[in-house]
Amino acid sequence: MAAISIPKPGTKYGPCEDIKCIHSDCQRTREMINNKCEICRYKIGYDTRFYMSLSDRGREIYKHAMCAEMLIEGSTLPMVRLSAKKEFKNE
Ligand SMILES: [Zn+2]
Ligand SMILES: [Zn+2]
């Protein structure tokens with residue numbers, strides 16, 4: 001499963017800056033980045049690697065690549081892990 005990343009609006013491969021544009025590609029792109037990550041519940045957003053998969057019922061499931069990778073490493077919650085890392089740095 002390859003991670004996808006959507007460039008910011010107005011860049012070469014990103015959607016139009018005008019959010020009211022009529023291109024179906026741009027609209028699809030905006031929909032995708034507005035989905036929430038299954039793991040951290042934050043928006044997917046631009047310029048962030050993420051995975052998109054389909055559930056058994058055909059629902060699209062979005063996950064930040066970073067969140068998914070942290071889960072694989074054995075952490076329970078990405079945010080918990082991030083703050084733990086910060087504390088470690090301060091020592
Ligand atoms: Zn457009
Ligand atoms: Zn996430």
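This is a predicted model: local features need pLDDT of at least 70, side-chain atom pairs count only at pLDDT 80 or more; totals for chains, interfaces and linings use all residues.
**Why these labels?**

Visitor: Why is Arg41 called exposed?

Guide: Arg41 has 9 other C-beta atoms within 10 Å. Residues are numbered from 1 along each chain as its sequence is written, while chains are lettered from A and ligands numbered from 1 in the order in which they are written.

Visitor: What makes Asp47 exposed?

Guide: Asp47 has 11 C-beta neighbours inside 10 Å, so Asp47 is exposed.

Visitor: What phi does Arg41 take, and what phi does Asp47 take?

Guide: Arg41 has a positive phi of about 70°. For Asp47 the positive value is about 55°. Most residues other than glycine have a negative phi. Arg41 lies in the loop between helix 1 (24-33) and strand 1, and Asp47 lies in the loop between helix 1 and strand 1. Helices (H or I, at least four residues) and strands (E, at least two) are DSSP runs, numbered from the N terminus.

Visitor: How do you know that strand 1 and strand 2 pair?

Guide: Pairing requires that DSSP finds at least two bridges between two strands. Five bridges join strand 1 (residues 50-54) to strand 2 (residues 60-64), so the two pair. They run antiparallel. Met52 has Tyr62 in strand 2 as its bridge partner.

How values were computed:
A residue is buried if 20 or more other C-beta atoms lie within 10 Å of its own, exposed if 12 or fewer, and partly exposed in between; C-beta atoms are placed from the backbone.
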